[in-house]
Amino acid sequence: SLFGGFLIIIWRNIYSNKAIRHTLSSTRVVIVGAGKQGCELRRRMRDSMDHIFDVVGFIDDDPAKIGKVVEGVSVLGDTTRLEELINRYQIKEIVLAIEEDMSEFIMGLAIKCRLLGVKVLKLADFYAEHFGKIPLNCIDLRWFYFSTQRFSPAYYYTLKRIEDLMVACVGLALFSPIMLATAILIKLDSRGTIFYRQTRLGLCG
């Protein structure tokens, strides 16, 4: 029913938004990688209406980029200075916008940063957490595999099922007279069954 569908849409939006909305207090962020993906992320952060990001700058290993201004912020240095720059600028969050595979050196720095209390996110995870969507160019087979290993709390599915049933029952009760009249008209006007059936792929196949 139309009303039931409307309620479901509202509930879905509330659930998805509560997981990604943050207070409007800015977080000091540095982006590792001033390439295409890093610049695209910087533009998205600058244009965001729902979040306030304090982007301190980029970190990049290309000597030609160090000291230059990219997308309105400076390239502060290379990854060998990451720990120093974190302490100097009081960085609270690091985004790894590196287009190629991350080296063991960078992974080691990321682990050290986490031990220092700095949040470290890969590009796809940052998009998912702050924007609720992930650009296709950030998704690879490894991300897809590990993302399937993330589970919601056990009670979520129970609460979701209860909510879905309640909304469906309310919608059915309100619109059953209209649905019944529509079914009769369809039967009088058309051949075949009233309900349209189609094979669909759903949860767990």
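In this predicted model, ring pairs link Phe53, Phe126, Tyr127 and Phe131 into a cluster. The structure holds four aromatic pairs. One of them joins Phe53 and Phe131, with ring centres 6.0 Å apart and planes at 50°, a tilted arrangement. Phe53 belongs to strand E2 (residues 53-59) and Phe131 to helix H5 (residues 123-131), so this pair ties together parts that are 78 residues apart in sequence. Both Phe53 and Phe131 are buried.

Another tilted pair is made by Tyr127 and Phe131, at 5.8 Å centre to centre and 45° between the planes. An α-helix has 3.6 residues a turn, so residues three or four places apart point the same way. Tyr127 is buried, with a relative accessible area of 2%. Phe131 has a relative accessibility of 10% and therefore also counts as buried, the limit being under 20%. Phe131 has a further neighbour in Arg44, which lies over the face of the ring at 4.3 Å from its centre.

How much of H5 is covered? Seven of the nine residues of H5 are buried, so the helix is mostly covered. The buried residues of H5 are Leu123, Ala124, Asp125, Phe126, Tyr127, His130 and Phe131. Just after H5, Gly132 takes a positive phi of about 75°.

Phe126, also part of the ring cluster, has contacts well beyond its own stretch of sequence. Leaving aside residues up to four places away in sequence, Phe126 touches Leu41, Met45, Phe53, Glu93, Val95, Leu121 and Phe131. Leu41 and Met45 from that list bring in helix H2, where both are buried.

Helix H2 (residues 36-47) has twelve residues and spans 17 Å from its first C-alpha to its last, close to the 16 Å expected at 1.5 Å a residue. Which residues of H2 are buried? They are Gln37, Gly38, Cys39, Leu41, Arg42 and Met45. These buried residues pack against H5 and against strands E1 (27-32), E2, E3 (69-70), E4 (73-77) and E5 (93-96).

In soluble globular proteins, nonpolar side chains tend to be buried together. The largest nonpolar core in this model has 21 residues, and those with the most contacts inside it are Leu41, Met45 and Phe126. E1, H2, E2, E4 and H5 are the elements that give two or more residues to this core. H5 gives the most, with five residues. A second, separate core has 18 residues, among them Leu85, Ile98, Leu109 and Ala110.

The strands complete the picture. Six of them form an open sheet of mixed pairing, in the order E3-E4-E2-E1-E5-E6. E3 and strand E6 (119-122) stand at the edges with a single partner strand each, so one side of each has no neighbour in the sheet. E1 and E5 run parallel and are joined by four bridges. Ile31 stands opposite Val95 in E5, and Val95 is one of the residues that Phe126 touches. That contact leads back to the ring cluster, of which Phe126 is a member.

Key. Residues numbered from 1 in each chain as written. Predicted model: local features only at pLDDT ≥ 70, side-chain atom pairs only at ≥ 80, totals over all residues. Heavy atoms only, no water. Phe/Tyr/Trp six-rings, centres within 6.5 Å; stacked < 30°, edge-to-face > 60°. Buried < 20%, exposed > 50% of the residue type's maximum accessible area, 1.4 Å probe, protein only. Lys NZ or Arg CZ within 6 Å of the ring centre and 35° of its normal. Expected span 1.5 Å × (residues − 1). Contact = heavy atoms within 4.5 Å. Core = buried A, V, L, I, M, F, W, Y, C linked by side-chain atoms within 4.5 Å. Pairing = 2+ DSSP bridges.
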